[in-house]
Amino acid sequence: MQSSSPPAANQIKAHLQVPGQGPYLSGASSHSGSEASLHRIKNVPGYTTPVFAGKEEQRAKVQNNVASKGFIPRELVVNEVQWFYSHLGIDDTYFRNESVEVISDHIIALFGAKILAYTKHDPSKLVIDLEKIDEKGNGATFIHTSPPGLTSTEGPGSTCEARIDEMYLDKATPDNCYRLETFRSTGSISATALQQLRCYFVSKCNFPATRPASTRTDGKTDIRTVSDPVFLEKASENTLDLYQQIMWNVETRYGPVIEVFEVEGTRERRMVIGYKMGGTTHFFSALSNLYHYYSLYSARKYVEQFSNGITIISLYLNPLPNSNAPPIEHSIFQVMKEVSLLFCLPDNPFFSAGSSRHAVQDAAYAYCGWVFAQHFCNRLGPAYLALKNTLDESNPTHAEVLNDIKRRFREETFTRESIAQVIHAHPELIRMLYVNFAMVHYPADEAQRLMPTLSYQRLQTEQPLSDQELHDRIRRTVINKQDLQVLESFLIFNKHVLKTNFYQPTKVALSFRLAPDFLPEVEYPNKPFGLFFVIGNEFRGFHIRFRDVARGGIRIVRSRNKENYSINQRMLFDENYGLASTQSLKNKDIPEGGAKGTILPSLGANPRLCFEKYVDSVLDLLIPGQSPGIKERLVDLYNKPEILFFGPDEGTADMMDWAALHARARGAEAWWKSFTTGKSAETLGGVPHDTYGMTSLSIRQYVLGIYKQLGLREKDITKVQTGGPDGDLGSNEILLSSDKTVAVIDGSGVLADPAGINREELVRLAKLRIPVGNFDKSKLSKDGYLVRVEDQDVKLPSGEVVLDGTDFRNGAHLRFKADLLVPCGGRPEAVNISNVAALVDSEGKPHFKYVVEGANLFFTQQARLYLEKRKVVLFKDSSANKGGVTSSSLEVLAGLALSTQEYTDLMIFKDSKPSDFYKSYVRDIQEKITENAAAEFTCIWKEFQRCQGSKTRTAISDELSSTLNNLQAELESSDLFDDKPSREGVMRRAIPKTLVEKVGLDVLMQRLPEPYQRALFSSWVASHFIYKYGVQGSSVDFFHFARDLAH
């Protein structure tokens, strides 16, 4: 699944012209299990092996060469060479590709192996292992003994295909890829040994330097223009036509394309699988394990690569004679179903040569349970609860102790390895747990009953146990308490899956919508509304939201090394939960509640690929399937439509366009425009926060509010800023302010000047969006300095020597003093309980009088309280920097409110220029941000004065958020929304006037989904009531307030 998609502009144009037709919609055809048998092909070879004209001449040379080496007795040479050339059944490809020298070596090696087997008096010990790997990387040949229909667990056959995957197939790109032909020899090794040989020929693709001209007039890819010349020479017309169809399907779809063909007059089935290069790894070798499980063997296999980035695998499958397995006529549909699971999880440790006691479905289920247990077995238990109740969490030292204990508990209780051991030790219980899961989620539709697949039949023959019976069985079977807890977590998983794409015919990762009731309250006091859990071959991820209508960024969590990955893995869910709850506090006066998604790629995985698979598999659960054999209807216990709204976060800012367009291609016609925020302004009508300074506008209201309330003049104020002129917040803070900035700290270093940094030079950097490392040092006063992170042994004007620039930068926010600190960037928890004392001097005087926290989580809660205790006027992040979320919320509203045509005309730029509507809408957004921020500032300020300082501003801000969120939730479920005059009165004020004037209120009310309307109504009422009457507003106040809503 290459991330190098077609140029964005073309992709976007194509998407904007198509009115909801796409490869996933009901018009698209593919074939479900029972239909696939209609694909019948003639019993002719799919490939022709051109006859090697020089074979006889070569054989004579090989004979002389073997004889001259003297290893084989002269009288046997003719016989051995004759057998090798005529009776083994090796394809002419081999003789044409290899030199006389290599063939001679292989014949001698074969003879040597026969001698060795003879000395052991056991013909079955005859093992052949021949290989030649080209040092220049042009390909390889592997030949070894191979019993049909069995996965070898020892000897050369046990690793050969895995090595081919690793060396030649996994990292394929159009510039560097290999085709593979492999077949079983038709003859046996010798008259006494019946083993057959398996031959693999890997050759590098040599695509023409310039793509040949296509004869097609419909704009579709012509397979002949993207093929390797050797493939074109060998493939029959029939194969070319068949691959052409598969290729078109792969180009229009995101996941794998799997088709089966019945060969006339035989029991052979040809399975053809197409996918985008890089979409999976170790897949070719995993396929062998799969068909061997059903007692099938392959006569031939081909892997073809094409210069447009597509891979096609073709398997010629036959039933093993005299086997007890289900007939191939049935098992082939099961293999088809399981190929898609294998594509998602080819590296599954529970389905490998050594442990194939599980079918692929059971093994994939075991893998998902394994990952679930890693995140949810390590719970803290009663000992932690007792300690939590004893300690005082508002005491910073106690809070630190609790945190350490929490981390220790997480690390020591269950490891990935110990959970895997439990799964391997109880295959029967895992099987029963899988049946318990499948009985609920396996879609038993009409077609299944007419032509049941094996997995459906298997479920019918199993004796399903009730949840209670299964729990009793587990309890009686497993004595060890920790093992019991692991297996119980599988049962918890089963009980809480509301829908899953596990049985979807094609998919790229597995996704589960879970009911979050299993989360223990002691650790997760606020219960999320919804939880998505995604498992891919190279990543895992979550999405948590606190209300039905909720929005938040998708973050990619990167790992530097193995140890760092282990820590990230343990903390992934907790980090996601923490980010989503913080988002809830910030989203207090907009319709969407808080949400967040996290993706943890494995070491070395491509983050873009992980994101695309994550989005596609979540869409499987949001969009009802309607294409048989591609995307079918799932069992849905939640049974209500769901919409998620994604935003950019660390590592995903440049992926939002792709996600919106992909949602459209998948058929989300009504909401693809609002599925992501942070889209490109010009091509997709997004509203970029940095261009219009959205987040900075709200931060600015707090700074100006402090000046106004305390009667200060901005130009007299000294300020320290973290986050430099290269960032969104940092650059806008510089451009909007006129104070005396004495220090700016960013990724490039530390810029400081006690006389005030030259404002013109700062503005120049901010406009160019470049860091302080580029500051013109001639503009500094005699006491000013710039220390870059790469500097060492720098002497400051004060005489102090800085040994290391990076260390100096990392602690710089603790050394400066000024009136105001505005963090606009920096790592989370940069000021925490262990270093906050450094912000107070020896006389107990804080370094700053005022702090407006622009960057998220720059201070820990304990650090904020510590400073407020010392009379610092501090406004925390969830109040100060909510301008960005307000802007994104109104971007979502535009996407939901406008039809695709209106959206294209009004929101998307024409000739790189925004429409008048767009400019007017952006002004509306800026006004709303300013109005909300000023209202919240005033509310916090008044409440602080009313309490005469007995409550900190931080506590008031949190109380304001939770009061607002609670009131909003109450209003959503009340009947106030049903009162039409009130509803219309609120909507007219809540929706920006540019939108109301353009579309009309009545049309808006028809287009906006009802859950969204309720959320918009209740958020506007809740925030305007609380900002007007404060957190102490009474029922009588609300009665008066509600009376005026209709006006």
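**View 1. E538 in the loop between β12 and β13.** E538 is found in the loop that runs between β12 (530-535) and β13 (539-545), where strands (E, at least two residues) and helices (H or I, at least four) are DSSP runs numbered from the N terminus. The model is a predicted one, in which local features need pLDDT of at least 70 and side-chain atom pairs count only at pLDDT 80 or more, whereas totals for chains, interfaces and linings use all residues. Residues are numbered from 1 along each chain as its sequence is written, and side-chain values use heavy atoms, with hydrogens and water left out. At 11% relative accessibility, E538 counts as buried (buried means under 20% relative accessible area, exposed over 50%, partly exposed in between, with a 1.4 Å probe and protein chains only). Leaving aside neighbours within four places in sequence, E538 is in contact (heavy atoms within 4.5 Å) with L600, P601, S602, A605, L609, C610 and K613.

**View 2. The salt bridge of K613 and E538.** The side chains of K613 and E538 meet in a salt bridge at 3.1 Å, N to O, the term standing for a side-chain nitrogen of Lys or Arg within 4 Å of a carboxyl oxygen of Asp or Glu. K613 lies in helix α22 (residues 607-622) and E538 in the loop between β12 and β13, so the pair ties together parts that are 75 residues apart in sequence. K613 is buried, with a relative accessible area of 0%.

**View 3. Salt bridges elsewhere in the model.** By the rule for salt bridges, the count comes to 67. One of them joins the side chains of E101 and K69 at 2.5 Å, N to O; E101 lies in helix α6 (residues 100-119) and K69 in helix α3 (residues 55-69), so this pair ties together parts that are 32 residues apart in sequence. E101 counts as partly exposed at 41% relative accessibility, and K69 counts as partly exposed at 30%. The side chains of R1014 and E1010 meet in a salt bridge at 3.0 Å, N to O, and both residues lie in helix α40, four residues apart, about one turn of the helix. K499, R513, R545, D548, D636 and E642 are linked in a network of salt bridges.

**View 4. Aromatic pairs.** Rings of Phe, Tyr and Trp (its six-membered ring) pair if their centres lie within 6.5 Å, with planes under 30 degrees apart counted as stacked, over 60 as edge-to-face and the rest as tilted; by this rule the count comes to 64 aromatic pairs. F909 and Y918 form an edge-to-face pair, 5.1 Å centre to centre with 80 degrees between the planes, and F909 and Y918 are both buried. The rings of F1025 and F1038 have their centres 5.1 Å apart and their planes at 80 degrees, so this pair is edge-to-face. The pair links distant parts of the chain, with F1025 in helix α40 (residues 1010-1029) and F1038 in helix α41 (residues 1035-1043), 13 residues apart.

**View 5. The two sides of helix α41.** The buried residues of α41 are F1038, F1041 and A1042. They cover an arc of only 95 degrees around the axis, which puts them on the same side of α41, the arc being that of the directions from the helix axis to the C-beta atoms. What covers these buried residues includes α36 (953-972) and α40, while the face turned away from the buried side carries the exposed residues V1036 and F1039.
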